[in-house]
Amino acid sequence: DLLEKTSQDLIIPPRFAAYPDCEDAIWHGIQKAMTGALPPREAVEEAAAACLQVVETAGQLTETR
């Protein structure tokens with residue numbers, strides 16, 4: 001059923017230059033949670049902080065949190 005639905009839908013990643021670096025940071029967080037290197041919550045928090053840093057460094061964050 002899921003495969004059937006997938007053939008009808010398309011997921012488009014966000015369109016900003018730093019997205020590949022954010023995706024990489026998220027993946028590293030997922031790996032840490034999956035291997036038990038970090039508890040899931042900490043892995044997500046670390047990945048979110050890394051994404052924020054990537055976006056800030058790229059100069060693409062216009063508002064403060």
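This report describes helix H2 and its packing against helix H3 in a predicted model.

## Basis of the description

The model is predicted, and local features need pLDDT of at least 70, side-chain atom pairs count only at pLDDT 80 or more, and totals for chains, interfaces and linings use all residues. Residues are numbered from 1 along each chain as its sequence is written, and side-chain values use heavy atoms, with hydrogens and water left out.

## Helix H2

Helix H2 spans residues 19-35, 17 residues in total; helices are DSSP runs of H or I with at least four residues, numbered from the N terminus. From first C-alpha to last, H2 reaches 24 Å, close to the 24 Å expected at 1.5 Å a residue (1.5 Å times one less than the number of residues).

Tyr19, Cys22, Ala25 and Gly29 of H2 are buried (under 20% relative accessible area, 1.4 Å probe, protein chains only). They lie on the same side of H2 because they cover an arc of only 125° around the axis, taken from the directions from the helix axis to the C-beta atoms. The face turned away from this buried side carries Met34 and Thr35, which are exposed (over 50%). Glycine 36, with a positive phi near 85°, follows H2.

## Packing against H3

The buried residues of H2 pack against helix H3 (40-57). Contacts (heavy atoms within 4.5 Å) join residues of H2, including Cys22, Ala25 and Gly29, to residues of H3, including Ala43, Ala47 and Ala50.

The axes, lines fitted to C-alpha atoms over the stretch in contact, come within 8 Å and cross at roughly 165°. H2 is therefore roughly antiparallel to H3 (an angle over 145 degrees).

Definitions and conventions. Helix = DSSP H or I, 4+ residues; strand = E, 2+ residues; numbered from the N terminus. Axes fitted to C-alpha atoms, helices over the stretch in contact; angles between N-to-C directions. Parallel < 35°, antiparallel > 145°, perpendicular 65-115°, else oblique.
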